[in-house]
Amino acid sequence: MEPLKNLYSAEWLDQLITDIVRHAPDFPAKQFRSAVLNTSWESLELKQRSTRIAEELGKFLPGSFREQTELLLEATRGYRGFQAVAFSEFVAVYGLEDPEFSRAALEQFTCLCTAEFAVRPFLSRDLESTLGWFREWASHPNEHVRRLASEGIRPRLPWGAGVPELKTDPEPILEVLEHLYRDESEYVRRSVANNLNDISKDHPDRVLEFVGQLDWQAPHTEKLAKHALRTLLKKGDKRALDLFGYHDEITLECKGIHSSKDRYSMGEEMVWQSELQARGTGRLRLEYRLNFIKANGSSGPKIFQLGEHVIEGKKSILLKRKYAFRDLSTRKHYPGKHRLELIANGKVVAALQVDLM
């Protein structure tokens with residue numbers, strides 16, 4: 001698989017230079033290219049490459065910060081995709097002393113990809129004033145800007161600089177999300193759910209209260225709420241389960257859980273199955289947890305969704321699933337005893353153990 005950092009390739013950089021020169025014929029293209037692709041370039045990861053490009057743009061583009069930004073906005077109108085993050089990062093590096101102009105620029109650059117990382121330094125510099133941007137962005141006509149209103153203030157934004165005040169006190173975030181959770185754009189709603197999931201890791205009670213007070217008659221609210229509470233649901237939090245009707249009014253009998261064999265080699269596929277008999281009325285959320293052996297010999301769980309069933313009376317449920325013990329970019333397998341647990345409405349109802357050799 002091609003490394004993500006190669007999104008910023010020499011070919012992409014050459015195209016950017018061509019587009020800049022079209023608007024600024026005196027742009028020192030060779031010097032800029034050399035400064036970006038210096039001897040340390042190959043060792044830089046994706047976000048580091050983005051920062052390098054942003055920093056060098058400020059050194060080589062002609063004029064003041066405002067003039068450089070206007071030029072860059074013109075030159076990059078046709079750009080889309082993660083590479084465009086470098087342009088909003090340029091604003092974060094050089095525009096902190098000109099916040100209102102930078103705000104307008106970020107509104108435009110976020111439409112090329114996202115400015116979620118670029119807004120973080122502004123939040124750190126002047127939290128209260130910058131939060132005003134987000135409150136206004138929540139009603140912006142462009143969905144990319146409305147998404148920025150949520151994504152930019154996620155307390156655990158991946159790759160984003162931390163804003164400790166928001167992690168400690170999520171109320172300013174919730175004020176913004178209150179205006180966004182019914183957004184017509186799924187792109188925006190998914191960001192809202194991810195934001196709430198972030199907050200739930202530090203303030204579960206507050207998020208449960210917030211989600212419980214949403215307009216559940218509105219379209220998409222239940223789907224958003226499930227995604228927002230996914231961490232709590234996976235933990236078997238009874239309050240989260242109760243919100244969706246995953247309660248104890250269902251009697252469940254598990255007729256065992258079986259694997260095709262007890263021992264597997266690296267790369268092999270495990271096939272397991274189980275049969276459940278459910279009685280009662282309500283909703284049944286099924287998952288399985290596989291406890292993987294880590295490099296140090298300890299175990300770490302990963303939960304996989306099996307689906308949801310509406311129970312009205314009696315229902316027989318036959319489960320049959322496969323899991324391949326093949327290494328992924330996000331998971332490496334190690335030999336040892338792996339425990340698989342079948343979970344119904346947050347409770348373990350059956351388990352088995354297999355050896356990976």
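A: The answer below starts with the model as a whole, turns to the requested helix pair, and then visits other parts of the chain.

This is a predicted model, in which local features need pLDDT of at least 70 and side-chain atom pairs count only at pLDDT 80 or more, while totals for chains, interfaces and linings use all residues. Residues are numbered from 1 along each chain as its sequence is written, and side-chain values use heavy atoms, with hydrogens and water left out.

The protein chain has 16 helices and six strands, where helices (H or I, at least four residues) and strands (E, at least two) are DSSP runs numbered from the N terminus. Its C-alpha atoms fill a box of roughly 75 × 50 × 30 Å along the principal axes. Of the 357 residues, 49% count as buried; buried means under 20% relative accessible area, exposed means over 50%, and partly exposed lies in between (1.4 Å probe, protein chains only). Among contacts between residues at least 6 apart in sequence, 67% join residues at least 24 apart, a contact being heavy atoms within 4.5 Å.

Now to the helix pair. Two packed helices are described by the angle between their axes and the distance between the axes. The axes of helix 9 (residues 143-151) and helix 12 (residues 186-200) come within 9 Å and cross at roughly 0 degrees; such axes are lines fitted to C-alpha atoms, for helices over the stretch in contact, with angles running from 0 to 180 degrees between N-to-C directions. Helix 9 and helix 12 are therefore roughly parallel to each other, since angles under 35 degrees count as roughly parallel, over 145 as roughly antiparallel, 65 to 115 as roughly perpendicular and the rest as oblique.

On the helix 9 side, Glu143, His144, Arg146, Arg147, Ser150 and Glu151 take part, and they meet Tyr187, Val188, Ser191, Val192 and Asn195 in helix 12. The residues of this contact divide into three nonpolar, four polar and four charged, where Ala, Val, Leu, Ile, Met, Phe, Trp, Tyr, Cys and Pro count as nonpolar, Asp, Glu, Lys and Arg as charged, and the others, Gly among them, as polar.

Asparagine 195, which lies in helix 12, is buried, with a relative accessible area of 0%. Leaving aside its neighbours within four places in sequence, asparagine 195 is in contact with Ser150, Ile153, Arg154, Pro155, Ile173 and Leu177.

Serine 185 is found in the loop between helix 11 and helix 12, and at 7% relative accessibility it counts as buried. With neighbours within four places in sequence again left aside, serine 185 is in contact with Glu143 and Arg146. Serine 185 and asparagine 195 are ten residues apart along the chain, and their C-alpha atoms are separated by 16 Å.

Elsewhere, the strands give another picture. Nine bridges join strand 5 (residues 336-344) to strand 6, and the two run antiparallel; two strands pair if DSSP finds at least two bridges between them. Within this pair, arginine 339 has glutamine 353 in strand 6 as its bridge partner. Strand 6 (residues 347-356) also pairs with strand 2 (residues 263-264), in the parallel sense, over two bridges, and there the bridge partner of tyrosine 264 is leucine 356.

The hairpin of strand 5 and strand 6 has two residues between the strands, and one of them, asparagine 345, takes a positive phi near 50 degrees. Most residues other than glycine have a negative phi, and most peptide bonds are trans. Asparagine 345 is buried, with a relative accessible area of 10%. Histidine 220 has a positive phi too, near 75 degrees; its place is in the loop between helix 13 (204-212) and helix 14 (221-228), and it is partly exposed, with a relative accessible area of 43%.

Lastly, the structure holds zero disulfides, a disulfide being a pair of cysteine sulfur atoms within 2.5 Å. The sulfur of cysteine 113 is 11 Å from the closest cysteine sulfur, in cysteine 111, which is too far for a bond.
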